[in-house]
Amino acid sequence: MTEAVISATSVMCAAGFGAPQVWSSVRGRVSRIRNSSVMDQNFEPIPMGLVPEKALDADDANLDALNWPSRARRMLRLAAPTLRELASAIGDTPAALYLGLPELTTEDAPWIDEFCEQLCARAGLKFDEAASRIFPLGRAAVLVALESALEAMSADSSRPILVGGVDTFLDLRLLATLGAEGRVHGPRVMDGFIPGEGAAFLWIEGGREPASGTPVIHGAASTTDPGHRYGTEPARGEGLAQALQLLRDRLPSPVGPIASTFTGLNGENFDAKLWGVAQLRHKDLFSANMTLEHPASCFGDTGAATGAILTALTAAALAAGHRAAPALVWAASDLGARGCTIVGPSAPVKS
């Protein structure tokens, strides 16, 4: 598997627009979570990390013509201005788009098949439809997409590749379902997460020498854990550990010790168990002074955008010298997808 340079990033979430701004909030532990206008089953406002309405793309007649549900419309309004930031930098060269989306099927959400085309049209991105793919896999979707993008890049590094994701929990039916399951954090639920939303994209390139200080993706790996939250198999928490082992096996040379980890932890114990098992199984990989980041505590759970936001924040933190390299990024989805990647300098330090 080839390495890839992170040439540019674009991020939008409740903590701001752009990776440097969002990272400043996360680094300063500034919470952008507020009580929303949505009430839970106890008629109490649900705390959420929402993007201000004025930052979203226009809710116009073109959206009305699509006849999409409210969640899909808001996702398109989140993703379009975020992708537009990179579209202008790429120019006229058709790009492959690897897009992470929520854990939906085409039967339940037929609009996901049209999402890439509609998004690129609104963002002004010329995209290679035949080379583009969607990954409706939830929180780990972008890291799974990144794994596929690196494989494609090893075969042909001439085409620009954008890897990203978008999601929102601002959907009344979805919030009601999660609330009934006791998963939405609130005064009566401690083992829950704060719903959020966001979009992020990475422009990755291969086949060129990175400039000094430019973050590089050294590899990515993913697995599917049968013992997921809604599975029938025992929840042993082994999926993330297996993904991390696969990643280590793929690296051209050992990296380590890991000095920083940007996690998909969202406040639920389930994912904390995954991380605990993975860290114990790979104890030799981590520095004793490793810094652990869990950005969802500042802007909420961003669903399928999680992997892209975490990777963009990692790149920003390393480039600014705020966190040490190499850095691990990981995320886990409700229905079993587990993904991870390692970001660091162009020349990994051999262990």
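1. Ring pairs join W68, W111 and F115 into a cluster. The model is a predicted one, and a search of the whole structure gives eight aromatic pairs.

2. The W68–W111 pair connects distant parts of the chain, the two residues being 43 residues apart. W68 belongs to the loop between helix 2 (61-66) and helix 3 (70-90), while W111 belongs to the loop between strand 5 (96-101) and helix 4 (112-123). Both W68 and W111 are buried.

3. A further aromatic pair, Y98 with F135, is stacked, with 6.0 Å from centre to centre and 20 degrees between the planes. This pair also links distant parts of the chain: Y98 lies in strand 5 and F135 in strand 6 (residues 133-136), 37 residues apart. Y98 and F135 are both buried.

4. A charged residue is also placed against a ring: R139 lies over the face of F193, 5.5 Å from the ring centre.

5. Helix 5 (residues 141-155) comprises 15 residues. The distance from its first C-alpha to its last is 22 Å, close to the 21 Å expected at 1.5 Å a residue.

6. Of the 15 residues in helix 5, eleven are buried, so the helix is largely enclosed by the rest of the structure. The buried residues are A141, V142, L143, V144, A145, L146, E147, S148, A149, L150 and M153.

Definitions and conventions. Residues are numbered from 1 along each chain as its sequence is written. This is a predicted model: local features need pLDDT of at least 70, side-chain atom pairs count only at pLDDT 80 or more; totals for chains, interfaces and linings use all residues. Side-chain values use heavy atoms; hydrogens and water are left out. Rings of Phe, Tyr and Trp (its six-membered ring) pair if their centres lie within 6.5 Å; planes under 30 degrees apart count as stacked, over 60 as edge-to-face and the rest as tilted. Helices (H or I, at least four residues) and strands (E, at least two) are DSSP runs, numbered from the N terminus. Buried means under 20% relative accessible area, exposed over 50%, partly exposed in between (1.4 Å probe, protein chains only). A charge sits over a ring if NZ of Lys or CZ of Arg is within 6 Å of the ring centre and within 35 degrees of the ring normal. The expected span of a helix is 1.5 Å times one less than its number of residues.
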